[in-house]
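Here are some notes to read alongside the model. Please keep the sequence and the 3D view open while working through the points.

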Amino acid sequence: AGQLADARYFRAFPDYDRAYTPAHRARARKLADRLVADAAHLSHEQFVLRVAEIAALADNAHTAIGENAWRKNTPRLPLRTYPFADGLHVLWAMPAQADLIGARIDRIDGRDIAAIQQELRRYQGGTEARRRVALLPVLESPALLQAAGISKEHDALTLSGVRIDGTPFERRV
C-alpha cells in the first residue's frame, strides 16, 4: 500500500523537473504510469530501481534518487568498494572478508564488472564517472542486482578478481 501511494505521488515528478527533454519527459510519464500500475506487486528493490530509472531519464547527476534510497531496507555485502582507474576495488570489509581489502573485483556472479556497470547506467544520470560512484551501493547489494536481473540471489554474490598481492580469488559473500 505504501509503494502504491508513493507511486501515485511520484507520478507527477516528470512534469515538475525541468531537466527532461520533451522525449525523455514523455518516456518518464509512461514509466511513471506503469509504476503506479505495478507498485503493489513489486519488491522493495524493484520499486527503487523503477523510480531511479524514471529519474535517470533526465540524464544529469542532480535528478536522481538519494543515495540512502539504495541503502534503506536493502541487504548489502559486508564490504565497501570504490571504482579506481584500474577497476573496482574493496576499500573496507568486515573481519571475515578482511583479506579482500585492496582486491580488485573483476566479476560478480560470473559477469564482467564493466558489463554490469553498462547495464546499471540506466538507473543514474550524469557523467560516466558520476554513475560509477553513485551506483556503488547497487554493486554492493545482492538484492538490487537481483531485481535488476544481474545476480542470482537476494542475499549473496560470488565475487572474483585479484587480491592486492596478485593472487586470484573467488568468493561467495
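1. On a 1 Å grid over the protein atoms alone, a cavity is a set of points where a 1.4 Å probe fits but cannot get out, and a residue belongs to the lining if it has an atom within 4 Å of a point. Grid points are joined across faces, edges and corners, and a volume is the space filled by probe spheres set on the points. Rolling a probe the size of a water molecule over the atoms shows where empty space is left. With these terms in hand, a search of the whole structure finds 1 cavity of 30 Å³ or more, and the largest cavity has a volume of about 30 Å³.

2. Before going further, please note that this is a predicted model, in which local features need pLDDT of at least 70 and side-chain atom pairs count only at pLDDT 80 or more, while totals for chains, interfaces and linings use all residues. Residues are numbered from 1 along each chain as its sequence is written, and side-chain values use heavy atoms, with hydrogens and water left out.

3. Which residues line the largest cavity? They are Leu-77, Leu-79, Thr-81, Leu-88, Ile-105, Ile-108, Leu-139, Glu-140 and Leu-159. Helices (H or I, at least four residues) and strands (E, at least two) are DSSP runs, numbered from the N terminus, and in these terms strand S1 (79–84) and strand S3 (104–108) each supply at least two residues of the lining. The lining divides into 7 nonpolar, 1 polar and 1 charged residues, where Ala, Val, Leu, Ile, Met, Phe, Trp, Tyr, Cys and Pro count as nonpolar, Asp, Glu, Lys and Arg as charged, and the others, Gly among them, as polar.

4. Helix H3 covers residues 22–38, and at 1.5 Å a residue its 17 residues should span 24 Å, which agrees with the 24 Å between its end C-alpha atoms; the expected span is 1.5 Å times one less than the number of residues. Buried means under 20% relative accessible area, exposed over 50%, and partly exposed in between (1.4 Å probe, protein chains only). The buried residues of H3 are Arg-25, Ala-28, Leu-31, Ala-32, Leu-35 and Val-36. They cover an arc of only 145° around the axis, which puts them on the same side of H3, the arc being that of the directions from the helix axis to the C-beta atoms. The face turned away from this buried side carries the exposed residues Pro-22, Ala-23, Lys-30 and Ala-37. What covers the buried residues of H3 includes helix H1 (2–10), helix H2 (13–16) and helix H4 (44–56), where contact means heavy atoms within 4.5 Å.

5. Which residues of helix H6 (residues 113–120) are buried? Ile-113, Ile-116, Gln-117 and Leu-120 are. They cover an arc of only 100° around the axis, which puts them on the same side of H6. These buried residues pack against strand S2 (87–93), S3, S4, helix H7 (128–134), helix H8 (136–139) and H9.

6. Asn-73 is found in the loop between helix H5 (67–71) and S1, and at 60% relative accessibility it counts as exposed. Asp-109, in contrast, lies in the loop between S3 and strand S4 (111–112) and is buried, with a relative accessible area of 11%. Leaving aside its neighbours within four places in sequence, Asn-73 is in contact with His-44 and Glu-45; the C-alpha atoms of Asn-73 and Glu-45 are 8.7 Å apart in space, although the two residues are 28 residues apart in sequence.

7. Finally, Ala-147 lies in helix H9 (residues 142–147) and is partly exposed, with a relative accessible area of 26%. Not counting residues up to four places away in sequence, Ala-147 touches Glu-45, Gln-46 and Leu-49. The C-alpha atoms of Ala-147 and Leu-42 are separated by 9.5 Å, and these residues are 105 residues apart along the chain.

Notes: On a 1 Å grid over the protein atoms alone, a cavity is a set of points where a 1.4 Å probe fits but cannot get out, and a pocket is an open set with protein on both sides within 12 Å along at least five of seven lines; lining residues have an atom within 4 Å of a point.
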